[in-house]
Amino acid sequence: MPEITINRSLSYTKGTQRIFGEAETLEKAKRGLSSIGVTRVAGITDLDRLGIPVFSTIRPSAAEGAISVYSGKGITENQARISAMMESYERCLSERNGLNKDVREDISAPHTIVTYEEISEHGPAVDPASLLMSETYSQENLVEWISGWDLLKKEEVAVPANAVYHPYDAPGRTIKLFRTNTNGLAAGNVLEEAILHGLLEVIERDALSTAEFNRYPGKKVILSKEDGDNYELLQKFNDNGVDVKLWLLPHDTEITTIVAATDDIRLKDPALLVMGAGSHLRPEIAVRRALTEAAQSRVVQIHGAREDTEREKFVREIGYERIKRMNRYWYEEGNKTTVAQMKDLSKKSPAEDIETVLDQLRKVVDSVIVVDLSRESIPVPVVRAIIPSFEMYTLDRERLGQRAKAGKKRKMTREERPWKHRTRK
């Protein structure tokens with residue numbers, strides 16, 4: 001039984017939201033790189049003019065259908081190194097046994113192949129329909145299942161393997177429910193860190209998906225010198241001719257989700273109309289993640305090394321002015337707020353932070369699931385966090401649920417509503 005017990009004796013290193021400091025985290029991450037097939041860690045900060053640290057890791061042995069170049073960001077070089085390394089662990093350990101060319105050890109959770117009706121006869125199971133499917137599905141279809149742990153109900157629950165592994169090919173006569181992605185994949189110094197960051201990422205994507213679908217970004221965030229490192233990060237964009245709009249996204253929890261929408265007004269390159277996003281219980285960390293991820297997105301586009309940058313070709317064909325016009329809501333003005341006005345929900349330990357997140361999620365869902373993808377032979381734990389019904393429109397336009405449809409919508413201008421125009425006689 002894959003029960004997950006949260007260790008309440010762990011606490012954060014003073015001044016951080018991590019169990020270990022940067023140096024110890026970096027050494028821990030380095031130890032297992034060769035065992036997951038990483039052949040190179042490289043700084044790519046200098047490809048851009050911002051000077052915000054970005055690193056990449058390269059794993060040539062990645063499974064077919066997965067990318068093999070990963071990237072990471074931070075306000076220091078070590079943070080960016082760690083971020084890139086952690087993504088390597090997430091990507092490697094999300095590959096199922098047999099497809100993974102580097103790790104032979106399987107996850108501890110049992111697998112089975114039956115219909116939804118049959119799996120439900122033996123205990124709780126996630127209804128595939130709650131995962132926002134894009135494919136035709138019947139409850140008579142055979143589905144591959146993995147055992148996960150419901151953090152809200154504190155019970156074992158069967159989850160479609162399609163929602164756990166990435167990439168995923170349905171074995172035998174089973175059905176593939178949807179295209180896979182990395183939403184909710186997270187690594188950490190300890191399992192508790194991984195769980196917290198996996199949950200926060202699912203919340204981030206839910207908030208971002210709802211905002212994008214409804215073209216409603218929420219409140220514009222204003223930074224001042226009192227915001228310290230975040231203000232200095234913002235100035236690096238502004239001083240180099242990159243306009244940044246920061247938004248506090250609306251959400252039905254009190255967890256802060258920030259988006260940084262950037263526009264390189266010097267180059268006017270459509271590929272550099274990129275964003276970064278971050279969710280965290282501590283608002284200033286959410287802002288920092290959004291800004292550093294926006295810097296990372298710029299470098300990835302400039303680098304062109306990742307295999308998932310087909311976006312570049314597409315947007316260059318459309319052009320800068322049209323792309324910006326299509327996404328104008330990220331670049332307009334709006335009601336303003338500050339970081340000081342946001343609620344800090346953070347605590348002093350990962351266990352307390354996880355419980356805070358769960359308390360927030362209880363308001364809107366009845367199931368929060370974690371599947372442990374860790375292997376004993378690998379020093380860094382990895383999990384997949386799954387919150388049924390939460391949106392991922394920002395990752396897959398075909399997977400749209402009721403949460404996004406019910407979100408607050410931006411009032412469109414007359415020019416944006418040509419079907420409302422009437423010809424005066």
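Visitor: What order do the strands of the 3-stranded open sheet take, and how do they pair?
Guide: In this predicted model, the open sheet of 3 strands runs in the order β1-β2-β3, and its pairing is antiparallel. Strands here are DSSP runs of E with at least two residues, helices are runs of H or I with at least four, and both are numbered from the N terminus; two strands count as paired if DSSP finds at least two bridges between them.

Visitor: Which strands stand at the edges there?
Guide: β1 (40–43) and β3 (69–73) do, and each has a single partner strand, so one side of each is left without a neighbour in the sheet. The twist from one strand to the next averages 25 degrees.

Visitor: And how many bridges hold β1 to β2?
Guide: β1 pairs with β2 (residues 54–58) over 4 bridges in the antiparallel sense, and Val 41 stands opposite Thr 57 in β2.

Visitor: Which helix lies across β1, β2 and β3?
Guide: That is helix α2 (residues 77–93), which runs at about 140 degrees to β3. Helix α6 also packs on this sheet, touching β2 and β3, with its direction at about 140 degrees to that of β3. Contact means heavy atoms within 4.5 Å, while the axes are lines fitted to C-alpha atoms, for helices over the stretch in contact, with angles from 0 to 180 degrees between N-to-C directions.

Visitor: Before we move on, what should I know about numbering and confidence cut-offs?
Guide: Residues are numbered from 1 along each chain as its sequence is written, and side-chain values use heavy atoms, with hydrogens and water left out. Because the model is predicted, local features need pLDDT of at least 70 and side-chain atom pairs count only at pLDDT 80 or more, whereas totals for chains, interfaces and linings use all residues.

Visitor: OK, the sheet of 5 strands: what's the order?
Guide: This open sheet has the order β11-β10-β9-β8-β12, with mixed pairing. β11 (275–280) and β12 (336–338) stand at the edges with a single partner strand each, so one side of each lacks a neighbour in the sheet. The twist averages 35 degrees from one strand to the next.

Visitor: Do β8 and β12 run parallel or antiparallel?
Guide: They run parallel, with 3 bridges joining β8 (residues 219–222) to β12, and Val 221 stands opposite Thr 337 in β12.

Visitor: What does α6 touch on this sheet?
Guide: Helix α6 (residues 283–303) touches β9 (242–248), β10 and β11, and its direction makes about 155 degrees with that of β11. Helix α4 (residues 191–214) lies across β10 (256–264) and β11, at about 130 degrees to β11.

Visitor: Changing topic, how many aromatic pairs are there in the whole structure?
Guide: The search finds 3, where rings of Phe, Tyr and Trp (its six-membered ring) pair if their centres lie within 6.5 Å, and planes under 30 degrees apart count as stacked, over 60 as edge-to-face and the rest as tilted. One of them joins Phe 213 and Tyr 393, whose ring centres are 5.5 Å apart with planes at 85 degrees, so this pair is edge-to-face. Phe 213 lies in helix α4 and Tyr 393 in the loop between β14 (382–386) and α10 (402–405), so the pair ties together parts 180 residues apart in sequence.

Visitor: Is Tyr 393 buried or exposed?
Guide: Tyr 393 counts as buried at 16% relative accessibility, whereas Phe 213 is partly exposed at 29%; buried means under 20% relative accessible area, exposed over 50%, and partly exposed in between (1.4 Å probe, protein chains only).
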